[in-house]
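Take a look at the structure below. Keep it in view while you read this briefing.

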Amino acid sequence: MLSYPQSLILYSYQYNLSYLKQFEIKEVAQLGRERAIVYENGPHVTTPVWMLLPFHKGGTFGTFSTALGLKVYDILASVKKDERRFMLSADETIAREPLIKKDGLVGGGVYVEYRTDDSRLTIEVMKAAAANGAMAMNYLKVVGFETTNLAFSTVKVEDQLTGEQYTIKAKKVVNAAGPWVDDVRKLDGEFNNKHLILSKGVHLVFDEDDFPLQQAIYFDTEKDGRMIFAIPRDGKTYVGTTDTFYDGDPKNMDITKEDRQYILDAIHYMFPQLQITEEKIESAWAGVRPLIHEEGKAPSEISRKDEIWQSENGLITIAGGKLTGYRKMAEKIVDLVVSQLNEEYQQSYGKSITKHLPISGGDMSGSKYFERFVSKRTIIGQQFGLTEDQSRYLAKFYGTNVDKVFNYISQAKGDLPPII
């Protein structure tokens, strides 16, 4: 999981081929299937995107390895028939994206990735949790524990806006603080032999007039062979990401000249006809990946697998992982907590049910009905005085919650009946 600013877009499924390259077969299968579950439960925040993987002589991937890797991925991840990979010749690859480097081009592979709006995903998951009985609180920081064996008697929290402190009683506490999980573990006073190491990821944004990309591209860099992506979206092109160790405060992260230059060099290598300079950068964002430390490995070589640790005092920590697997990570934690509560307190809680539980805005019986839903709500939105584009945008953005938006419009106008 990455701690990017929530107002920005994260393209979260880019490591599957890297997993295959490192023979992490189980991870590929699990994450591939998980992305389909996330899509079905929230099609308004997840979008299938065709990704082009060009390969050149001497590059990271070749014709055979690309075809084999994508084929194995299709099988392991149970990819839908209409989303399975296909291969292109050099000429077909250029026709699909004329900007890519032609010198040494052998061909390309095309496969589906899932792009997610991470801020909306986070909000919709929280809303679904609240609708099912969870209590969501913001700006509340855990500052201490008082424990008795495996039972937490109290958790002390502090309001970050007012400075007031409160005491909460809890039977179980889960530490899912991302880059800050080690800070929470310090409050518990116990460490195992594992700890986090942070990896910094930087993305750059360009206007489509400067970077007129027509096809999402996943490509290797000349400098170190790492894979990065370039994504066209809503008149902009996003390029990233870097992958370097970071030992500063994740809240105060600077994007250095070296970060920018790394991505610019990658652009110049794969898209040599573009005259992209630092002055063309419209904006940038950065975040950290909370990786589990592995001695002697570079950032891009460290596994993105998640792990669960439990201290002698009972603090349950989940570390590592990535946004793609957020639901599965939560499922494992919930099932663990349920098992312990049932055993220790003779209670009868059931296991996680989120595999087939839509998130807020996603209750439309699955992705196959999404476009039909959007079309119907586009017509309704126009009846409220919105344009066709505005209505369609709101329906795709809010999913089934768009009816509430239309009702707000109705109330504001005062002369239109509400949507039932």
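This is a predicted model: local features need pLDDT of at least 70, side-chain atom pairs count only at pLDDT 80 or more; totals for chains, interfaces and linings use all residues.

- Strand 8 runs antiparallel to strand 13 (residues 283-292), and ten bridges join the two. Lys200 stands opposite Val288 of strand 13.
- Strand 11 (residues 236-240) pairs with strand 8 over five bridges, again in the antiparallel sense. Here Val205 has Tyr238 as its bridge partner.
- Strand 12 (residues 244-246) is an antiparallel partner of strand 8 too, with three bridges. Leu198 faces Tyr246 in this pairing, standing opposite it.

**The largest nonpolar core**

- The largest nonpolar core has 33 residues. Phe206, Phe211, Phe219, Val239, Ile267 and Phe271 touch the most other members.
- Several elements give two or more residues to this core: strand 3 (105-116), strand 8, strand 9 (216-220), strand 10 (227-233), helix 7 (257-270) and strand 13.
- Which element gives the most to this core? Helix 7 does, with seven residues.
- Leaving out residues up to four places away in sequence, Phe206 touches Phe211, Lys236, Thr237, Val239, Leu264, Ile267, Ile276, Lys280 and Ile281.

- Side chains of opposite charge can pair when their charged atoms come close.
- Arg327 and Glu34 meet in a salt bridge, at 2.5 Å from N to O. Arg327 is in helix 8 and Glu34 in helix 2 (residues 25-41), so the pair ties together parts that are 293 residues apart in sequence.
- Are these two buried or exposed? Arg327 is buried, at 5% relative accessible area. Glu34 is buried as well, at 3%.
- A network of salt bridges links Glu34, Arg327, Lys328 and Glu331.
- Glu40 forms a salt bridge with Lys80, with the closest N and O atoms 3.3 Å apart. Glu40 lies in helix 2, while Lys80 lies in the loop between helix 3 (63-76) and strand 2 (86-89), so the pair ties together parts 40 residues apart in sequence. Glu40 is partly exposed, at 29%. Lys80 is partly exposed, at 33%.
- Arg260 and Glu278 form a salt bridge, with 2.6 Å between the closest N and O atoms. Arg260 sits in helix 7 and Glu278 in the loop between helix 7 and strand 13, so parts 18 residues apart in sequence are tied together. Glu278 is partly exposed, at 26%. Arg260 is partly exposed, at 21%.

- Val338 is part of helix 8 (residues 326-345). Its relative accessibility is 9%, so Val338 counts as buried.
- Val338 touches Tyr349 and Gly350, leaving out residues up to four places away in sequence. Val338 and Gly350 are twelve residues apart in sequence, and their C-alpha atoms are 6.9 Å apart.
- Arg120 is found in helix 5 (residues 118-131). Arg120 is buried, at 11% relative accessible area.
- Arg120 touches Val45, Lys127, Phe397 and Tyr398, again leaving out residues up to four places away in sequence.

Key: Residues are numbered from 1 along each chain as its sequence is written. Side-chain values use heavy atoms; hydrogens and water are left out. Two strands pair if DSSP finds at least two bridges between them. Helices (H or I, at least four residues) and strands (E, at least two) are DSSP runs, numbered from the N terminus. Buried means under 20% relative accessible area, exposed over 50%, partly exposed in between (1.4 Å probe, protein chains only). Contact means heavy atoms within 4.5 Å. A nonpolar core is a set of buried Ala, Val, Leu, Ile, Met, Phe, Trp, Tyr and Cys residues joined through side-chain atoms within 4.5 Å. A salt bridge is a side-chain nitrogen of Lys or Arg within 4 Å of a carboxyl oxygen of Asp or Glu.
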